[in-house]
Amino acid sequence: MGENKLYLNLGNMKFKDITREACPGLEGRKGGWKTGVTMADVNGDGLMDIYICYSGKVDKDVRRNQLFINQGNLKFVEKAKEYGLDDPGYSTQAVFFDYDNDGDLDMFLINHNVKKIDNMEFAKLRNDVDEFAGDKLFENQNGHFVDVSKKAGIHQNPLTFGLGVAIADINQDGWQDIYVTNDYNEPDYVYINNHDGTFTEKSKDYFRHMSHFSMGVDIADFNNDCLPDIVTLDMLPEDNKRQKLLQLQENYESFQLMIDQDLGKQYMHNMLQLNNGDETFSEISQLAGMSNTDWSWCPLLADFDNDGYKDLFITNGYFRDYTNKDFLRYWGDYKIKKAMDREPVQLLDLIKAMPVTQYPNYIFRNNHDLTFSNKQKEWGFDQPKISSGAVYVDLDNDGDLDLVVNNINENAFIYKNQSREKDNTSYLAIKLKAKGLNTNAIGAKVYVYASGLVQYQEVNPNRGYLSCVSTVLHFGLGNLKKADSVKIIWPDQSRELLTDISVNQKLVIAEKNNGEREIKKTITDKPIFIKTPSIINYKHEEFTENDFKRQPLMLFMYSKTSPVIAKADVNKDGLEDLFISGDKNKPGKIYVQQSNGKFAPAAVDIGDENTSAISAASFFDANGDGFPDLYIAKGGYSIWEPNTAGLQDELYINDGKENFSLAPQNSLPNMSASSKSCVRPCDYDNDGDIDLFVGGRIIPGKYPSSPKSFLLNNDGKGHFTVISTPFDSIGMVTDAQWADINGDGRKDLIICGEFVPVKIFINTINGFVDETNKYFDKPENGFWFSLAVADVDGDGKDDIIAGNLGLNSQIHISEKEPAELYYADFDNNGSLDPFFSFYIQGKSYPYVSRDELNDQIYPMRKKFHSYKDYADATINEIFSKEQLAGAQKLTATEDQTMCFLNRNGKFVKSVLPIQAQFSTVSKIIAKDFNHDGKMDLLLLGNHSDNRLKLGSIDANYGCLLNGDGKGNFFYINQPLSGLSVTGDTKSAEEITIAGEKYIVIGISNVGLVFYKEISK
Amino acid sequence: MKKNIIILLLLYFQTVNAQNKTSPFETDIQAAVFSISKVMMHDVVNPPAAARYYAYCLLGSYEIVSQNDTSLIPVSKFIKEYKPDFIEAKKSDYNYKVAALYCILETGKLMLPSGYMLQEDEDEFIKQLKLSKFSEKIIQKSLIIAAEVAASIVDYSKGDNYGKLSAKLRYTPLKGDQYWYPTPPAYIEAIEPNWRIIRPMFIESSGQFNPSPLTPFSKDTTSAFYKLAKEVYDISKNQPQENINIANFWDCNPFTVSTSGHMTIGFKKITPGGHWMNIAGIVSKKAKLTFNNAIVVHTLISLTLMDGFITSWNEKYKSNRLRPETYINRYMDTKWVPVLQTPPFPEYTSAHSVISTASAAVLTYLLGDNFSFTDNSEVIYDIPPRDFHSFNEAAAEAAVSRLYGGIHYRDGVENGQKEGKILGEFIIEKIRSAGVKAFNK
């Protein structure tokens, strides 16, 4: 291990190594494993001191951390012990910040265990304290640091594996919060400051999922909404080959164990947690395009091109591919061979058996729209290396941020930023000097307003990995000549406003006395929705079956269809009532609204979720007696078999007195061929009775073959017969709507589905005619989940809104790069073998891993001899031409949620804002929610029960889009919409309760949540 | 201590070399079987699947030998379902021993995932034949016969439902504290939960021989089950080195996972079936059996192993009992780790006990009781040889080793032994009535 170095910046990119002269011992203690370094004015004398962390399986005195106090003459004296900071833990990094707002700097120290604990039954260990592995908080008490971890509520269990730490006022309450990344199974910590010297760990509240093998972290506002966002890094490679070679095999049992042990959902890719401003975060790394950067260490969010938006730099690399699967599976052969050859096994051979792969660091340009573009090549970061810590800093004071990158077994790199030389951009550098002991104003906030744009930064230099940046803040300002104003909130919460600031300068601002206090801004606009306590006390427990045990190669589970809801005024008392499906512990019930706005369940039990699953329901008058009857569609996946009683739909006849009775068996034809997705009543033949479309979702066990969809014709008395249509075997239908598209007075049918386009069937006297090609330029095959029909642009014509997969997953598709799905019983063993291919870096690769392939089709075990052998295979290498020719093929080209605007007899594609693409959209409600006379859209969704390597798609908290009446929509942020819907939305209805409008949302494994709409 | 082991190993290798010299390559069944074992180690073939591969690899060689030696009982006399396509191997213009050995390799080549690796062994075998007195014509003809028989056997194997396993529902851990859950460190998914559908050899069905009911689950510290777990725990504390040696000797875990940070390594060993196949080789040599009789021993053991695993696996996924490691970690000691790594399938009964007891019974029938031998099967894993006075002694040690290893409860071991004994007796009765006689009588 090399020595520490202290370089004095002589200007003009010249540096002088002053390590030896500065202080004996500054080069680091021999035998100790040197980790993080921090510069801070620990004693408040105006001079930067240096704190160095140590780790390693060595004597604890060898790894005591060191504090070098700056003497002011380029000399330092080591005083860790005196200050109480000579901690002997397995330290990673320290941060100095003022957690108790008392004006001096305290210290938080992250540590790690040197032993990975494999046994996951460790709920009990979480209360243990490991004095060397646990993180520590030290309070500065008159210049002496005292360990207050326990009192402050800091986790110190032996599972701690702290690799990164960043400080920010995450919830914007004027107090510093702490984010700690943990490698392995221990989840990251987000410690929210309670203002009383204690913290509460709130990761489960704030985040829906986190990185699994978390490394470095940065916190900064990357979308200029003045809220700090969070980046954490992990190890997922970008390219197909390394994914196939290194990605861990999915293990549902160990994932479940993590959930059961309250470790939360953790996935192996970088995370970008977008701060929604309401103490929730939307994880959008995959939408943003920075989720896969291989074995990554140090994230840095900073404006490298001075365009006013923070870009992202990521270091990566490791000596060896430790998780190489050929190594894991086949290294054992080497040991046996050595034994048979009677040769000793060398440890070095073991290390050497792991492949070495060097690859470049990543740099991403901020596209100003929540996404990033890879600029590795254009910005000069294409050399392969193994990097670790890094800092950004304007080393040559030329107004752009340079980068210093540490490398393993190689000298550090300095990247001189040439962007100003090239583009002559503007910047503003700001250095704050606070009163008192916190001389560098750690924790201060700076807002720069310019030309309608606002940028926000905090003076919190500890970010990234093992590193500490400068306390000078750097703001890029594009081609502007001035900043309109600069607002500073000092650590003591006093406020200062500077106006009309010219650019291209370094502003040094000293804190004045008697600054005005910052008053916490409150939201003046009333939110559009207000969450109310549950009006119907209904909890939902989901199916526990794992659909991937039945067909391991599907992407999604199909079992989880509940809670299903349907509304109607069943007793004609003028109050809306609600059907809610049950779960394994309770039957479905019809909840009848009472005059006081409360609900009482009717006597009838509907459905038994132990023998079948309700997947859709609809009230309509089946027998023409004026009372709404209830149609129950059966579906799901689970262990259901097609053509068995569990998939037969049911009709319940309403006598108008809250009595529902199961209609005679002959009322419905045999509906048990498939699982159903939707029930859409409509008098399609204009004969005065209500007929039904029932969409077929999936055949359990036979994904992705086309299930049956049904058009049921009513004889007027509630007896239904199947009418043959062109859409009865159209694919996996997810939703449908009736609308008179051609204005001939007959309702036409719009259908969407998984690998099915949005299709239009025109209802003619002679039957339904597929006119999709007439209404759409081209069919838009997608992963459609939902449909709504509404006139969003006020032209009197129905437009279509269609919910899709979104952009926030590993699956990215387009017309040029479609998702492909081949399926057949390739090995003739009675099971369908579905194989997805998706494009990665311009080429279509199978989604299936070698292990999954070998497990699905045994003869494949003979085909690819190693993971390496398989790593580059495309579908054409897996199967012969003949096999593929004999297989079925589905494709999808569109994954975005969108409107199809009815314009001159055509449906014109109009993609909804990027926030609508954060997640799957399973329910769409079109309404003028803000009462401006224009149609708005409420999009609900999320899909968490997916393949583990796909992960939970869960960044939608209720996406409210404000319509401008012309077909354009604008995202209304979560604090303003008032929506904070967590979990997978399975159903949603608007319902009037006691005269007020509510949205009731059915969430899987949660139950019902109610939001009251603001009135006009 | 380490030095002693090295000296021991050196001694062993000298002995092995000496043994090898007395055993001509063209009749060395043990070597051919070990070639198969090596590929299975490479592929990390699980224990029940390994037994199946051994069985089919040996069936072809038995077929060839039995057609050339009418004193051998035809397979169809003791395996009801044995109906391969007609195999004609009764010709005089080839060497049936050469064909029988080559057939083992060839069947492995056709069936095993990395069967291609056996090409090297086949080439070496042919090279040796050419260097010896065998004529080109005899060699060629022998290889053709071997390949024909192997192909026919592979065809026959396709009817045993193995290919249907991937169409079956995978294992989802049952809800309930009493049920098996994957174990540390890798939490590997349950191995072969549907093995019961595999067509057996001697027995009628996977459920023909069921063990006695297991001790009912209880968390109550006064319960019988708690005591069973406590026994495993107590044994693990202050265990004599000899117990640990025994546990390691019979570990036979094809893939022991060891982690260090982000690095995971799999250490490999032959399976329990592989171990008994090697014992078959050792004792065939010790008994100086003729080649033909040695083929009988190897084949009958491989078939016994196949049925043993089918029987055992049926019960494992009927009872779905949790492993001692899970129970002890939950209710006694969070940090307890067994001596052996817990294999990835339910506990009851101990399959090693079943197959060891059944194999010992069959070996005893064929070679007699009180047959002493030195088992050096584990030397390549740095584990010294062990001496046994009888097959049953070895089997009993294999069974109790699972208790010492901390991966089975006593009732899993003992009821597994009983299950294996009944199975072994059934097989003996079946072969005896078919006409297979003991060699020493």
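**View 1. Where chain A meets chain B.** Here 42 residues of chain A are in contact with 38 residues of chain B; two residues count as in contact if their C-beta atoms, placed from the backbone, lie within 7 Å. This is a predicted model, in which local features need pLDDT of at least 70, side-chain atom pairs count only at pLDDT 80 or more, and totals for chains, interfaces and linings use all residues.

View 2. Look for α6 (252-260), α8 (325-340) and α12 (850-856) of chain A, each of which supplies at least two residues to the side that touches chain B. Helices are DSSP runs (H or I, at least four residues), numbered from the N terminus. With ten residues, α8(A) gives the most to this side. By class, this side of chain A holds 14 nonpolar, twelve polar and 16 charged residues. Ala, Val, Leu, Ile, Met, Phe, Trp, Tyr, Cys and Pro count as nonpolar, Asp, Glu, Lys and Arg as charged, and the others, Gly among them, as polar.

**View 3. Two domains within chain B.** Chain B is divided into domain 1 (2-160) and domain 2 (176-434), with bounds from an automatic or database domain assignment. Their C-alpha centres lie 25 Å apart. Domain 1 brings 41 residues to the contact and domain 2 brings 42.

**View 4. The domain 1 side in chain B.** On the side of domain 1 that touches domain 2, α1 (2-22), α2 (29-43), α3 (47-68) and α4 (96-111) of chain B give two or more residues. Of the elements here, α3(B) gives the most, with 13 residues.

Methods:
Residues are numbered from 1 along each chain as its sequence is written. Chains are lettered from A and ligands numbered from 1 in the order in which they are written.
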